[in-house]
Amino acid sequence: MDDTESEYMCCFLAKEKRMVVFELALKAVVVELQMKTKLNFWRYLPPEADGGVLTFMLITPIGGFHWKPLDDSPRPIQMWKRGSELEAKKILAYEEGGSNGRLRSTVALVLASESTSDAAVEAYCISLDTESSRLCISTNLLGAALYRHPDQPGGVHFLPYVVYVFEDESSQAQLCIQELSISTDDASNDKTLSLGEIAGSVHLDIDTTCYDAPTLSIGTSPKTLCCCLDGFIVVAMRAAGLIFAYDFSAGDLSLIGRITLDHFIVDAAMRYGNKVSEVEVVVLICETNDMTLDGRIATITLSRD
């Protein structure tokens, strides 16, 4: 949806290597993009990621591109290069966060792995500037996301936090929130992205129950889905069918819900609720009691009240 509240749908025609954007009210194609190279991953980005307009991220073997199909010249603009760390890696998830103070993200988070089954999930942060500084968060974690504190004012430069889940030495799942920082070398003026202080961490109490995953073309990695919105942090343990919900708005990880869904979690996302200080977690879960391979959508409401 753009600032005029028009709704759009984007489709990728794989055989034709073509992106098509539809305006839903008019039921008309508004723009097409013929890909000149292989498209490894793509997704919609929130408007604040680039100029407050409709934007898609296109990831190719070269790197990541912002595509704004409603621009007068809708040509993809390269935002970062893959580099040796991400070369030939399978892209599992992507998001952007932070702000340069002028409606442009400052950092991208990429989850990737080797193409082999059960390969470890790697997480990298990439600065969205001319240098594309890369930071390896981990080469073996369960899931990750970017977090913006709800009190962060708009119109100023800031970096997001990194939220990630990993297994410690005792194979216990841990949720960790860590700051990001950018330093500049005085001699070369090169910028380096690095991890700062740990803002919070907590052990996740997970049952041994494990639900079978359905056959998914996108695979079942990462094992954990992390979602952040308005001070809430949600961790979805996919195979365990388990949701952990925390409130981090006051700077401490306060558990506000541990929800058992009794189904494999295919996907999860967050959106604002109908009331102030309320959000909704929307999950797609797999039916386990029949052979139809159907899914079910469930909504969980979280509130500070």
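Serine 277 counts as partly exposed because its relative accessibility is 23%. In this predicted model, serine 277 sits in the loop between S22 and S23. Its backbone is worth a look: serine 277 has a positive phi of about 65 degrees, although it is not a glycine.

Aspartate 230 lies between S18 and S19. Its phi is near 55 degrees, a positive value in a residue other than glycine. With 24% relative accessibility, aspartate 230 also counts as partly exposed.

A further backbone feature involves proline 222. The peptide bond that joins serine 221 to proline 222 is cis, with omega near 0 degrees. Proline 222 belongs to the loop between strand S17 (191-203) and S18.

## Overall build

The protein contains one helix and 24 strands. Its C-alpha atoms fill a box of roughly 55 × 50 × 45 Å along the principal axes. For 305 residues, a compact globule would have a radius of gyration near 19 Å; the protein has 20 Å, so the two agree.

Of the 305 residues, 45% count as buried. Among contacts with a separation of 6 or more, 40% come from residues 24 or more positions apart.

Charge comes next. There are 25 positive and 43 negative side chains. The centres of the two sets lie 8 Å apart.

## The nonpolar core

In soluble globular proteins, nonpolar side chains tend to be buried together. Here, the largest nonpolar core has 19 residues. Val234, Ile243, Met270, Val283 and Leu302 touch the most other members.

Which strands each supply at least two residues of this core? They are S18 (224-229), S19 (232-237), S20 (242-247), S22 (265-272), S23 (278-286) and S24 (295-303). The largest share, four residues, comes from S23.

Beyond its neighbours within four places in sequence, methionine 270 is in contact with Cys227, Cys228, Leu229 and Phe232, among others. Its partners also include Val234, Val279, Glu280 and Val281.

## Selected strand residues

Methionine 237 is in strand S19. Is methionine 237 buried or exposed? It counts as buried, because its relative accessibility is 8%. Leaving aside neighbours within four places in sequence, methionine 237 contacts Leu142, Leu204, Ile206, Lys223, Thr224, Leu242, Phe244 and Ile265.

Alanine 298 is found in S24. Apart from neighbours within four places in sequence, alanine 298 is in contact with Val281, Val282 and Val283.

Not counting residues up to four places away in sequence, threonine 301 touches Glu278, Val279 and Glu280.

Glutamine 174 is in strand S16 (residues 173-184). Its relative accessible area is 18%; because buried means under 20%, glutamine 174 is buried. Residues up to four places away in sequence aside, glutamine 174 touches Tyr164, Val165, Phe166, Asp168, Val202 and His203.

How far apart in space are the C-alpha atoms of alanine 298 and valine 281?

| Pair | Along the chain | C-alpha to C-alpha |
|---|---|---|
| Alanine 298 and valine 281 | 17 residues | 8.2 Å |
| Threonine 301 and tyrosine 272 | 29 residues | 9.5 Å |
| Glutamine 174 and phenylalanine 158 | 16 residues | 26 Å |
| Methionine 237 and cysteine 10 | 227 residues | 29 Å |

Sequence separation and spatial distance can be read side by side here. Threonine 301 and tyrosine 272 are 29 residues apart in sequence and 9.5 Å apart in space. Glutamine 174 and phenylalanine 158 are 16 residues apart along the chain, with C-alpha atoms separated by 26 Å.

How values were computed. Residues are numbered from 1 along each chain as its sequence is written. This is a predicted model: local features need pLDDT of at least 70, side-chain atom pairs count only at pLDDT 80 or more; totals for chains, interfaces and linings use all residues. Side-chain values use heavy atoms; hydrogens and water are left out. The radius of gyration is taken over C-alpha atoms; the globule rule is 2.2 Å times the number of residues to the power 0.38. Buried means under 20% relative accessible area, exposed over 50%, partly exposed in between (1.4 Å probe, protein chains only). Contact means heavy atoms within 4.5 Å. Lys and Arg count as positive and Asp and Glu as negative; His and the chain ends are not counted. The place of a charge is taken as NZ of Lys, CZ of Arg, CG of Asp or CD of Glu. A nonpolar core is a set of buried Ala, Val, Leu, Ile, Met, Phe, Trp, Tyr and Cys residues joined through side-chain atoms within 4.5 Å.
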